[in-house]
Amino acid sequence: MRYLWQDSELADIGAKVLAGRRLDFDDGVRLFRSADLLSIGAMADYVRRQKNGDRAYFIVNRHINHTNICVNRCRFCAFGRDPDAPGAYTLSLDEIEAKALAYRDKGIKEIHIVGGLNESLSLDYYLEMMQRVRRAVPGAVIQSFTAVEIDYYARQNGLSVEEVLRRLKEAGLDSLPGGGAEVFAPRVREKLCPKKISGQRWLEVHATAHKLGMRTNATMLYGHIETIEERVEHLLMLREQQDRSGGFLTFIPLAFHPHNTELEQVVRTRTTGYDDLKVLAVSRLLLDNFDHIKAFWIMIGPKLAQISLAFGVDDLDGTVEEEKIVHDAGADTAQSLTRQQLVDMIRAAGRKPVERDTLYNVIWEG
């Protein structure tokens with residue numbers, strides 16, 4: 001069989017992909033620097049088919065952002081506020097419970113909760129939040145609190161990360177989302193989010209969650225000041241952690257949105273579709289020990305997310321409902337899609353739609 005990339009400058013990398021050999025740092029840099037997007041996409045699509053056949057996953061989920069008050073105030077974030085700033089808010093436990101209850105009879109499979117680092121909120125607030133959400137939607141997986149939030153709760157209360165995770169798990173927490181990873185390179189973090197935990201600390205929090213039997217996600221925020229080399233380093237650090245602890249479910253590249261952030265005058269435009277597809281495809285090729293690569297349609301738009309199903313992606317996330325963080329930074333996508341819209345998008349791309357829960361247990365297969 002003849003493959004698209006056999007006449008490409010990337011033919012040697014393609015041969016490694018066909019042989020199932022692990023790609024290295026130099027391979028990753030070459031892939032990102034190459035203009036041969038179709039060959040890269042074809043390689044990634046080959047890997048996707050080996051792992052997932054023609055299945056493309058989605059979930060019926062609901063986002064809740066409980067507070068936008070945050071002590072970190074990262075330069076790339078348009079969501080965070082000081083306590084006395086216009087638009088600052090914190091949801092009460094009754095409000096959070098009501099949002100969850102509204103979806104109790106709508107086939108919800110995941111409640112996704114993340115927010116700012118709010119000094120006025122206690123660990124008891126978060127523990128009761130988990131208990132209330134668990135009672136409101138007993139059949140849903142609760143995927144909440146980034147590694148940054150977990151570390152903050154630990155420091156705020158003089159507890160270990162493991163103890164905080166144990167208490168939250170007992171209260172109802174099932175899984176951690178992948179936010180807060182940004183780019184692990186110290187240079188990038190010093191310039192963009194100097195108050196945020198280090199990349200190594202982010203990995204340690206997820207390793208602790210994996211040790212406790214919790215599955216988690218991983219992300220990378222790209223399209224700001226990071227270099228190609230820093231992108232590759234980030235991906236390989238995730239791969240190494242997956243080799244050690246094996247608890248990551250999926251990888252989600254997150255396209256940077258500059259509007260309303262401190263970086264708006266530095267990074268004036270969003271990522272291009274070309275770069276979005278390349279990041280997704282290269283991620284699929286480098287992260288050989290990750291089962292799933294997700295295109296977050298909220299960030300890159302439904303149409304490009306649909307095309308990404310031919311560039312290594314096997315997951316389109318879900319119905320979402322009421323996303324605030326990316327929309328505060330200028331996202332012009334809808335805040336939700338219906339289940340049927342996701343099914344139609346996947347079928348139109350020639351893939352088989354599969355409704356899942358957070359842990360990739362199959363709910364329905366079309």
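Strands E6 (residues 215–222) and E7 (residues 248–255) pair in the parallel sense over six bridges, where pairing requires at least two bridges found by DSSP between two strands. Helices (H or I, at least four residues) and strands (E, at least two) are DSSP runs, numbered from the N terminus. Within this pairing, the partner of Ala 218 is Phe 251 in E7. Between E6 and E7 the chain passes through helix H10 (residues 228–245) in a right-handed β-α-β crossover, that is, clockwise from the first strand over the helix to the second with the strands pointing away from the viewer. E6 also pairs in the parallel sense with E5 (residues 175–176), over two bridges. Seven of the eight residues of E6 are buried (under 20% relative accessible area; exposed, over 50%; partly exposed, in between; 1.4 Å probe, protein chains only).

The model is predicted, with local features requiring pLDDT of at least 70 and side-chain atom pairs pLDDT 80 or more, whereas totals for chains, interfaces and linings use all residues. Residues are numbered from 1 along each chain as its sequence is written, and side-chain values use heavy atoms, without hydrogens and water.

Salt bridges (a side-chain nitrogen of Lys or Arg within 4 Å of a carboxyl oxygen of Asp or Glu) number 32. One of them joins Arg 55 and Glu 365 at 2.9 Å, N to O; because Arg 55 lies in strand E1 and Glu 365 in strand E11, this pair ties together parts 310 residues apart in sequence. Another links Glu 226 and Arg 231 at 2.8 Å, N to O; Glu 226 is buried at 11% relative accessible area, and Arg 231 is buried at 7%.
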